[in-house]
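Please go through the structure shown here with attention to its charged pairs, its strands, its rings and its surface.

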Amino acid sequence: MKLSFVFIELCFTELVSMVTVQQPPIVPAIRGQDVVLPCFLRLYPEDQLTEPPVLYWKFNPQSQIRVWVPSETYQGRVSRLNGSSDSQDYSIRLRDVRWSDGGLYLCMLTVTTKTRDSFRRSGPGDSWLGCEVNVSRDADFTLSVLHRGALLQPVAGDRDAAGGAQPFVTLSQTVSLQGPGRYECRLLLQGQLVTASSFHVNRTAAACGGACVEVESDTEAVAGEPFKLGCISCKTRGEVKAEASVSWAFMAKGDTQFSELFFYETSPGLILDERFEDRLNWSGSKNTRDLQDGSIYILNVTFNDTGTYRCFFNRVLIHTNHKVSSNPNRTIVLTVVPRLTREMASILSEVMMYVSIVGLQLWLVVEMIYCYRKISAAGEEALRENAAEYLAIASESKENCAGEAAAE
């Protein structure tokens with residue numbers, strides 16, 4: 001039996017409201033031929049779309065390479081299987097597969113429903129465990145995977161013949177890792193255990209961080225200079241684990257609809273608006289999936305950046321026995337000016353600061369002069385008193401001497 005990890009070739013999104021995006025975890029491809037990368041939208045009767053979903057395909061979450069809408073790397077090699085606006089099939093066909101095409105492909109859909117505003121979900125980045133074994137062709141063998149003694153539902157499985165001339169077939173099962181603990185691959189023959197292999201997962205880790213404080217973003221930027229669009233959404237309970245992604249949308253001044261601007265789940269993020277190509281950087285939380293700071297940085301502000309920006313957090317709070325979704329958002333109205341203008345309150349505050357400084361210094365000078373004069377006057381009075389006392393003593397001494405001489 002061979003126990004091994006299987007790298008994810010496709011990601012799938014979680015359940016959001018009553019909308020799901022479904023993808024198989026692994027898709028095999030042959031170099032030089034075409035391959036279909038499946039992606040399906042599933043809607044429940046309780047929910048309805050108000051706008052056609054916006055589709056994005058991305059290669060490798062750590063890169064900025066777009067598969068759909070095709071970037072230069074995939075230009076002329078990618079097409080939609082079904083381009084109908086009411087279709088729930090968002091699969092794409094990749095032509096002339098190359099060695100460099102191997103890796104992780106992520107399907108993302110921006111969906112707007114009657115019960116919620118526009119939102120997006122992407123793959124949660126789960127790990128997968130694969131079990132594979134070669135067994136006799138004619139025997140009744142079955143393969144299963146257990147976690148802590150509980151049978152797991154496979155996300156992918158197959159029984160492939162190794163070739164007509166070979167006396168064996170290959171059994172395989174792929175499951176999503178459900179958390180830390182002991183995983184076991186079991187090979188059964190007619191319900192009886194033949195052999196088993198175990199695998200232990202330990203995801204315990206300790207981390208510390210500072211407190212989260214929500215601060216409003218600045219709303220006035222200077223043309224030609226960098227500017228930070230602030231978007232902070234703190235959890236009400238810091239000890240609750242969470243995973244989140246951040247989406248930004250932009251509506252320029254004079255426009256009537258928002259367009260997708262930026263998406264971040266893992267570094268470095270994805271720029272979705274060509275007007276901001278090479279001008280946006282992520283400036284929020286780093287090295288964590290528990291995003292609370294969703295700020296972005298505009299490297300070189302132009303007057304065309306004037307407009308309304310919206311920041312969406314797609315957060316999943318992970319409790320012991322259940323998960324809770326929340327979608328806080330922030331709206332920022334940005335104005336671009338030739339040079340920075342100061343508010344009247346700021347100017348008055350600065351004037352009062354200088355007035356206070358000058359007034360305090362004058363008061364100290366007056367106090368010093370007053371104290372000096374008072375001390376000086378007290379010193380002169382003391383000198384006069386000392387002189388009078390000296391004269392009185394001298395006069396008394398003369399009288400005493402005169403009296404003694406008369407007595408003799």
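A search of the whole structure finds six salt bridges, a salt bridge being a side-chain nitrogen of Lys or Arg within 4 Å of a carboxyl oxygen of Asp or Glu. The model is predicted, and local features need pLDDT of at least 70, side-chain atom pairs count only at pLDDT 80 or more, and totals for chains, interfaces and linings use all residues. Residues are numbered from 1 along each chain as its sequence is written, and side-chain values use heavy atoms, with hydrogens and water left out.

One of the salt bridges joins Glu265 and Arg289, with 2.7 Å from N to O. This pair links distant parts of the chain, 24 residues apart: Glu265 is in the loop between strand S21 (259–264) and strand S22 (270–271), and Arg289 is in the loop between strand S23 (280–282) and strand S24 (296–298). Helices (H or I, at least four residues) and strands (E, at least two) are DSSP runs, numbered from the N terminus. Glu265 counts as buried because its relative accessibility is 12%, while Arg289, at 25%, counts as partly exposed. The terms are set by relative accessible area: under 20% is buried, over 50% is exposed, and partly exposed lies in between (1.4 Å probe, protein chains only). Glu265 and Arg289 also belong to a network of salt bridges that includes Glu243.

Two further salt bridges can be described in the same terms. Glu184 pairs with Arg186, and their closest N and O atoms are 2.9 Å apart. Glu184 has 11% relative accessibility and so counts as buried; Arg186 has 29% and so counts as partly exposed. Asp273 and Arg275 meet through their side chains at 2.7 Å, N to O. Asp273 is buried, at 7% relative accessibility, whereas Arg275 is partly exposed, with a relative accessible area of 44%.

The next topic is the strands. An open sheet is formed by three strands in the order S19-S24-S23, with antiparallel pairing. Its edge strands are strand S19 (227–229) and S23, each of which pairs on one side only. From one strand to the next the twist averages 30°, where axes are lines fitted to C-alpha atoms, for helices over the stretch in contact, and angles run from 0 to 180 degrees between N-to-C directions. Strands pair if DSSP finds at least two bridges between them; S23 and S24, which run antiparallel, are joined by three. The bridge partner of Asn281 is Tyr297 in S24.

Which rings are linked into a cluster by ring pairs? They are Phe250, Phe276 and Tyr309. Rings of Phe, Tyr and Trp (its six-membered ring) pair if their centres lie within 6.5 Å, and planes under 30 degrees apart count as stacked, over 60 as edge-to-face and the rest as tilted. The count by this rule is five aromatic pairs. Among them is the edge-to-face pair of Phe276 and Tyr309, with 6.5 Å centre to centre and 80° between the planes. Phe276 lies in the loop between S22 and S23 and Tyr309 in strand S25 (residues 307–318), so the pair ties together parts that are 33 residues apart in sequence. Phe276 and Tyr309 are both buried.

Last comes the surface. Met344, Ile347, Leu348, Val351 and Val355 make up a nonpolar patch there, and together they have about 450 Å² of accessible area. Leu348 is found in helix H1 (residues 344–407). Patches are made of residues with over 30% relative accessible area and no salt bridge, like charges being joined within 9 Å and nonpolar side chains (Val, Leu, Ile, Met, Phe, Trp, Tyr) within 5 Å. Accessible areas come from the Shrake-Rupley method with a 1.4 Å probe, and for residues only the protein chains shown count as cover.
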